[in-house]
Amino acid sequence: MNTINRRSVLLAGLGAAGSGLLAACSGDARGSGPTLVSPSGAAVAATEKQRRHSGRERRVRLTATAGPVDLGGGKAVRTWSFDGQLPGKELRLTAGDTLVAELANHLPQSTSVHWHGLALRNDMDGVPPVTQRAVAAGGAFTYRFVTDTPGTYWFHPHVGVQLDRGLYGPLIVEDPHEPLRYDDEWVVVLDDWLDGVTGTPDQALAALQRGMDHGSAPHDGQGGSHGGMGGMPGMDGTQGTDSMPGMQGMPGMDDPFMLMGATSTLLGGDAGDVKYPHYLINGRVPAAPATYQGKPGRRLRLRIINAGGDTAFRVALGGHRLTVTHTDGYPVVHEPADALLIGPGERYDALVTLGDGVFPLVALAEGKGAAGLALVRTGSGRAPSATVRPEELNGRIPVATALRAAEGVRLKARQPDVTHRIKLTGGMAKYDWALNGRRFDMNDADAHPFTVGSGQRVRLQFVNTTDMWHPMHLHGHTSQLGATGPRKDTVIVLPGATATCDFDADNPGQWLIHCHNVYHGESGMMGLLAYDA
């Protein structure tokens, strides 16, 4: 079996475009730490051969480019995107198809593509330097892998905070034996947007990493977040400081990136770090919304993807009730809902029978006092205002812990062979987000991987010791939340809560675990889950 030592991987570094993992590396002669399965080793290749192959190939070309993108309503921004589109063009395959995707990098920086949620071969996961060399500016790379699990997925870079630009798109894997009955389908991509308006995501990260201890704003004295301001007048869970009289003059209030005072009961307090000027649905601002044209009485499947960097969205379709059918690509026992809470990286599928008229699909930026808007038009009528807030937003919201995995995808009862207890640590004061108090750094030879063995039942316990919620994402696997909960690859962990996630170690390689708030992950809330050789 081809293997690569932990130290070899972690010393690969995150620097230049040519740096990265190197499948040719063998064990560390110094012999420190465990020897791990190589991302391109024999075990990975053997697992890929066992996946269900249809024999079909879907070939696409993705060009990562810098240039103008129209958000609608006269708002054009310069950003980075795939092929100048926002979102990037939808990729659609049937389970068992092989995706052959050539990435052409026309950006001024190195980049990659991560295929979020898919259990694919490790060396195609798109995470420099762990699974591949970063694709240099002017370079190209071809991703090739089997997509054997139906569901709603998406793709985005895994380099720095590039995700919070426009480099993302939906990836739909259809089930050739689809059990759901519906007439039409609408893919809905949510996003929070600042790039080219108030600055860049890199500038936002730099401002956040200066932290509150550097005089940008007050903090709670406990190393916690600005959620400690929740008791101040006006903190009703629906607004940030832009709408709070008398607070603009406080330290940090005029910072173009740092959001103060955003709170949410659903999220357990603090709602987010970053101030966004726009919230988008399918790349459009509320003043010029994307519109779905349908017919009354038709049954519509919604595939909703949160591609945001920092924002959880509360989503509702005015005048309608939804039926939740899937989360993160996997079916659940059908559950009625008036609205859905969707964190960064999460996906929800829902069925709805359309009424007659014009209806608002609203994605409320949870706790931030603003929203994205799209329209569903099935008949005549006047479009609602850009600030509409349908009553369904305050109706029944079944969060992930209230859902149950469908019987066909539920894990068989089994005691875990290995348990990793992972504390989520850090806060806004120093912006020192971490796992188990250790900020992840690919250059750190002393970083400790969470090791597992092939065939083991693995339990991850995410223990949130911080004042903020964290959408924790596991690459290459889909775990089960609790004993009978939904299968998910991205799980919201509320402040003070513990999320228990079980999975079977059946996809060898080296996989990231991280907070999908891109600013938390990039600041250190990240770790490596790796298979022992």
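How many bridges pair strand β18 with β19, and in which sense? Strand β18, residues 322–327, and β19 pair in the antiparallel sense over 5 bridges. Within that pairing, Leu-322 stands opposite Ala-337 of β19.

Hi everyone, a quick word on the ground rules. This is a predicted model, where local features need pLDDT of at least 70 and side-chain atom pairs count only at pLDDT 80 or more, while totals for chains, interfaces and linings use all residues. Residues are numbered from 1 along each chain as its sequence is written, and side-chain values use heavy atoms, with hydrogens and water left out. Helices (H or I, at least four residues) and strands (E, at least two) are DSSP runs, numbered from the N terminus. Two strands pair if DSSP finds at least two bridges between them.

Back to our sheet. β18 and β19 belong to an open sheet of 6 strands, ordered β14-β11-β16-β21-β18-β19, with mixed pairing. At the edges stand β14 (278–281) and β19 (330–337); each has a single partner strand, so one side of each is left without a neighbour in the sheet. On average, neighbouring strands here are turned by 20 degrees against each other, direction ignored. For that angle, axes are lines fitted to C-alpha atoms, for helices over the stretch in contact, and angles run from 0 to 180 degrees between N-to-C directions.

Is it buried or exposed? 5 of the 5 residues are buried, so β28 is largely enclosed by the rest of the structure. Buried means under 20% relative accessible area, exposed over 50%, and partly exposed in between (1.4 Å probe, protein chains only). His-470, Met-472 and Leu-474 point one way from β28, while Pro-471 and His-473 point the other way. β28 runs antiparallel to β31 (residues 490–493), joined by 4 bridges, and His-473 has Thr-490 as its bridge partner there. β28 also pairs with β33 (residues 510–515), again in the antiparallel sense, over 3 bridges; in that strand, Leu-474 is partnered with Ile-513.

Next, the salt bridges, meaning a side-chain nitrogen of Lys or Arg within 4 Å of a carboxyl oxygen of Asp or Glu. The structure holds 29 of them. Take Asp-97 and Arg-56, whose side chains meet at 2.8 Å, N to O. Asp-97 lies in strand β6 (residues 97–105) and Arg-56 in the loop between α2 (42–50) and β3 (57–70), so this pair ties together parts 41 residues apart in sequence. Asp-97 is buried at 7% relative accessible area, whereas Arg-56 is partly exposed at 43%.

Another one joins Asp-504 and Arg-414, with the closest N and O atoms 3.8 Å apart. Here Asp-504 sits in strand β32 (residues 498–504) and Arg-414 in the loop between β23 (370–377) and β24 (418–425), so the parts tied together are 90 residues apart in sequence. Both count as partly exposed, Asp-504 at 25% and Arg-414 at 36%. There is also a network of salt bridges, and its members include Glu-90, Arg-92, Arg-301 and Asp-349.

Last, cysteines. How many disulfides does a search of the whole structure find? The search finds 0, taking a disulfide as a pair of cysteine sulfur atoms within 2.5 Å. As for individual cysteines, Cys-501 is buried at 2% relative accessible area, and Cys-515 is buried at 1%.
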